[in-house]
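This report looks at side-chain contacts in one protein model. Keep the sequence and the structure at hand while reading.

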Amino acid sequence: MAETSVHGAIHRECSAPPPSRRDLISGLPDAMIHNIFSFLPIHDVVKTCVLSKRWRPTWTTATDLVFVGYDVYFEPPPDSPLFFPSIVDSVLSQFSSPTVKKFHLTRFMYDEADRPRIDLWLRFAVRRSVEDLRLRLSQRSRFFYVLPEFLYCFSRLVRLDVGKCCFSLDMTIWWPCLKVLSIEDAQLSDDFLGRIFRGCPVLESLVLSSCEGVNNIIIDSLCLKKLVLVSLGFGSYVKKLCAPHLLSLRVIGGNHAGFRLDDVSSLVEADLDFSVESRDPNSKGRDLLRHLLEKVRGVPTITTGGWCLQVLSLLEMDGVPSPLSKCQNLILHAPVNQWDLPGIAYMLRSSQCLEKLVIYLTCFPMVCSFAMVFSIRFLC
């Protein structure tokens with residue numbers, strides 16, 4: 001017993017902080033602690049309770065909930081404390097804040113049996129007036145999550161980011177406060193896209209990635225300033241894009257041989273970094289490039305891909321005036337080879353207003369070095 005007491009006294013003496021050392025963590029205000037929590041996934045936030053007694057109940061009143069799943073086929077079994085849905089359930093059951101500003105659920109290996117659970121999680125967030133909602137399921141999931149009806153008319157949302165989710169295309173949309181919308185890997189339609197524009201009167205930014213069913217994009221909104229189309233699916237060849245008030249347009253990845261611009265007269269930057277596959281590239285690729293560049297002729301900053309250089313080389317041989325004559329800033333994402341050099345030379349000679357040229361090279365070192373020196377000499 002005496003020995004135990006001695007060891008206990010030694011332990012207490014070693015564990016006690018020196019009199020001159022203050023616990024600065026415990027003195028932090030709640031607002032600062034919550035700000036620190038906002039940069040961490042929720043499972044890391046919960047771990048902070050071991051840092052300070054003062055922090056133990058604080059995480060339950062945080063306004064940001066960020067859950068990051070395992071993104072693997074075989075996660076811990078349901079009876080394990082590390083089972084991801086059980087972790088989410090446990091955190092939400094202890095959460096005491098009346099509001100949630102951010103609710104993120106990502107990299108979750110979804111199964112159809114999980115739908116009632118996710119419905120409850122989203123209802124939890126909606127009841128606490130969530131503003132920033134992100135639901136991106138794992139791309140490895142075999143199933144798509146069907147978004148619940150109560151989510152289509154939620155007036156508090158400011159940011160919405162969904163991936164691997166199904167929309168009910170006949171539903172009415174009403175997101176009056178939504179400013180940023182991102183949709184990935186979903187089946188859409190021209191009519192449903194119109195419902196989104198009508199139901200989001202203050203929408204400023206829209207990102208569609210790997211979505212199918214979109215052919216005509218008509219944007220009359222005065223608020224929407226940024227549109228990003230990334231690797232649209234095989235059923236989504238955009239035949240018409242009309243957005244007279246748009247400021248920024250990015251069309252990245254995928255094959256858009258039939259892509260057409262109608263009215264984009266307000267653009268200040270255009271990123272047309274996609275591929276064009278055609279059995280007759282000499283005519284179809286040339287006509288498409290001339291059409292696109294004519295439409296963005298007055299845009300100050302333009303980004304294009306390697307196919308642009310190939311067509312410019314053809315225009316050089318035909319003696320056709322360059323459509324880039326008014327471009328001020330040009331960015332090329334191109335695997336440059338020796339056959340593209342005439343196109344670069346033609347572009348530099350005919351771009352009288354060009355102030356800045358950036359070429360991202362992904363090819364042989366000797367060709368890359370030559371292209372970079374050529375550009376620098378022109379700019380100097």
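The text below goes through aromatic rings, the nonpolar core and salt bridges in turn.

The structure is a predicted model.

## Aromatic rings

A pair of aromatic rings is described by the distance of the centres and the angle of the planes. Over the whole structure, a search finds 7 aromatic pairs. One of them joins phenylalanine 108 and tryptophan 121, a tilted pair with 6.0 Å from centre to centre and 50° between the planes. This pair links distant parts of the chain, since phenylalanine 108 belongs to strand β2 (residues 102-108) and tryptophan 121 to helix α5 (residues 115-127), 13 residues apart.

Another pair is formed by tyrosine 152 and phenylalanine 167, whose ring centres are 6.5 Å apart. Their planes stand at 75°, so this pair is edge-to-face. It too links distant parts of the chain: tyrosine 152 is in the loop between β4 (145-146) and β5 (159-163), while phenylalanine 167 is in the loop between β6 (165-166) and β7 (180-184), 15 residues apart. Both tyrosine 152 and phenylalanine 167 are buried.

Ring pairs can also chain together. Phe84, Phe108 and Trp121 are linked by ring pairs into a cluster.

## The nonpolar core

How many residues does the largest nonpolar core have? It has 94 residues, and those with the most contacts inside it are Phe103, Leu135, Phe167, Ile183 and Ile217. Phe167 is thus a member of this core and also a partner in the edge-to-face pair with tyrosine 152. For isoleucine 183, leaving aside residues up to four places away in sequence, the residues touched include Val162, Phe167, Leu188 and Ile196. Val207, Leu208, Ser209 and Cys211 are also touched by isoleucine 183.

## Salt bridges

Side chains of opposite charge can pair when their charged atoms come close. A search of the whole structure finds 12 salt bridges. The table lists some of them.

| Arginine 117 | Aspartate 89 | 2.6 Å |

The salt bridge between arginine 117 and aspartate 89 links distant parts of the chain, with arginine 117 in helix α5 and aspartate 89 in helix α4 (residues 84-94), 28 residues apart. Arginine 117 has 28% relative accessibility, so it counts as partly exposed. Aspartate 89 is partly exposed too, with a relative accessible area of 28%.

Aspartate 185 lies in the loop between β7 and α6 (190-199) and lysine 164 in the loop between β5 and β6, so the pair ties together parts that are 21 residues apart in sequence. Aspartate 185 counts as buried because its relative accessibility is 18%, and lysine 164 counts as buried at 8%.

Lysine 240 is in strand β11 (residues 240-242) and aspartate 262 in the loop between β12 (248-255) and β13 (269-275), so parts 22 residues apart in sequence are tied together. Lysine 240 is partly exposed at 35% relative accessibility, and aspartate 262 is partly exposed at 33%. Elsewhere, salt bridges that share partners join Arg134, Arg136, Asp161 and Glu184 into one network.

Methods:
Residues numbered from 1 in each chain as written. Predicted model: local features only at pLDDT ≥ 70, side-chain atom pairs only at ≥ 80, totals over all residues. Heavy atoms only, no water. Phe/Tyr/Trp six-rings, centres within 6.5 Å; stacked < 30°, edge-to-face > 60°. Helix = DSSP H or I, 4+ residues; strand = E, 2+ residues; numbered from the N terminus. Buried < 20%, exposed > 50% of the residue type's maximum accessible area, 1.4 Å probe, protein only. Core = buried A, V, L, I, M, F, W, Y, C linked by side-chain atoms within 4.5 Å. Contact = heavy atoms within 4.5 Å. Salt bridge = Lys/Arg side-chain N within 4 Å of Asp/Glu carboxyl O.
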